[in-house]
Amino acid sequence: MTSAASQIESQTESLTITRPDDWHVHLRDNPLLPHTVAATAATFARAIVMPNLAPPVTTVELAEGYYQRIVQALPTGMSFEPLMVLYLTADTSPQEIAAAAAHPHVHAVKLYPAGATTNSAYGVRDPDAIDHLYAALEENDLPLLMHGEVIDPAVDIFDRERVFIERHLLRIREKFPALRMVLEHITTGDAVQFVLSQPKNTAATITPQHLMLNRNDLLAGGIRPHNYCLPILKRRTHQEALRQVITTNDARFFLGTDSAPHAQHAKETACGCAGCYSAPAALAFYATVFEECGALQHLEAFASHHGPDFYRLPRNTETVTLVRQPQTIPEAVDAYGTRIIPWQAGGTIPWSLA
Ligand code: DOR
Ligand code: ZN
C-alpha cells in the first residue's frame, strides 16, 4: 500500500484548494493597474500590496487613495480585496500608525532600509533608530513587514540578509516581543533558522523564484536579468533550506510572490531593475515546487491558511483548482502599452489553473 502522500504525488491530476492570497505583491500604479490587478485577482482573493510607489504610500490617506485606484481597476466580475500597507519612514508618526491600525483597509507597515531596493530612497536609514515606531506598532498590534537586508556597502550583497538578522532583527525581536513581524521574501538558511527560533508572531514569506532558482540561474552561462530580484538569489544550499522548510507545514511560512513587474527595457539594460513578474502563473509555480519537494499536500496551508491566520483575517471560502496540464509562460505580455517579460518566459511548467 502506498502512503497518502505518495498517492498525491503519483496520482493527482487536479488539486482543489481554498482560494489563496498573495501576502506580498507589487501592483504598481496606473496605467499598469488594470493589467496587474487582473493578473493577481485571477488567482488570489486578497493581496498585501507593497507601498513602494514613487512617491511612496506613507500615510493612511495615500493608502486609501491607492486602494480606490486598485478597486477601480478591477475588471467587472472579478473579486479581489487589496490589503494596504504603509511605507515606514523616519518621519512616520506614532499617530499615523494608530490611524493605520484603526483603518479598515490598512493591514501592515513596511520597513525598507533606505536604498535597499526599488523606490526605497525614502526608507529608514537606521533600523535601530525608530524604536518609538516599533513600540507604536506593538501597542496597536499592527504587523511590521521587513525587507530584511542591510544597506551597508561594506557588506557583500550575498550576506545582506544574514547580517540584517544579526545586526538589527535579533535586537528588535527581543525588545518588542509582542510585535507581529514578517521577514519578507526570505532567501537564506539563516532566515529560516531565525524564524524557526522565534515564537509564532514571527513569520516569513517565500517567493517562487527563491524556491525554484539559485544564483547559478542568474549568473552562470550568461546573465539573466529576468531572474534578478532583491534580495538576490543565493547559493544552492540556501535554496535547499527554503525547499526543506516548506515540506514541514510550519504555520510561520506562507506565500508571498513578490511579483514585481518592470518594463522590458528597464530589465534588459546596463543597470537593470530588480523584480520578477510572476503573478500570472504564480500558483502553478508553487504547485510545481511543492510537488518536486514531495509536499503537494501542504500547498493549501502555505498558500491559503497560514497567511490569513497570521494576519487574523478569515480564510477564504471559495476554492481554486489546479490541473496537471502543462502551461508555457508567454514570451511577453502587453500591459496597456508597457511590454513586460514575465518570469520564466518561454518555459513550461506541469500545472495550470483550471
Ligand atoms: O526584486 C525586487 N523588486 N525586490 C524588491 O524588494 C522590490 C521589488 C520592486 O519593487 O521592483
Ligand atoms: Zn517586494
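Predicted model: local features only at pLDDT ≥ 70, side-chain atom pairs only at ≥ 80, totals over all residues.
Start with the zinc ion, which is ligand 2. Three residues of the protein donate atoms to the zinc ion: His24 and His26, each through NE2, and Asp258 through OD. Along the chain, the zinc donors follow the spacing H-x1-H-x231-D.

Now turn to ligand 1. Around ligand 1 there are 13 residues, and those that come nearest are Arg28, Asn52, Thr117, Leu230 and His262. By class, this shell holds 4 nonpolar, 7 polar and 2 charged residues.

Some polar contacts can be followed atom by atom. The side chain of Arg28 has an N or O atom 2.8 Å from an oxygen atom of ligand 1. Leu230 takes part through its backbone, where an N or O atom lies 2.8 Å from a nitrogen atom of the ligand. Ala274 also uses a polar backbone atom, 3.0 Å from a nitrogen atom of ligand 1. On its own, ligand 1 has 290 Å² of accessible area, and the protein covers 99% of that area. The space that ligand 1 takes up is the largest cavity.

Key: Residues numbered from 1 in each chain as written. Chains lettered and ligands numbered in written order. Heavy atoms only, no water. Donors = N, O, S within 2.8 Å, 3.2 Å for Na, K, Ca; no water. Near = heavy atom within 4 Å. Polar contact = N/O pair within 3.5 Å; in protein donor to acceptor, adjacent residues only side chain to side chain. Areas by Shrake-Rupley, 256 points an atom, 1.4 Å probe, with all protein chains shown as cover. 1 Å grid on protein atoms, 1.4 Å probe; cavity = no way out; pocket = protein on both sides within 12 Å on 5 of 7 lines; lining within 4 Å. Sits in = over half its atoms within 2 Å of the grid points. Nonpolar A, V, L, I, M, F, W, Y, C, P; charged D, E, K, R; others polar.
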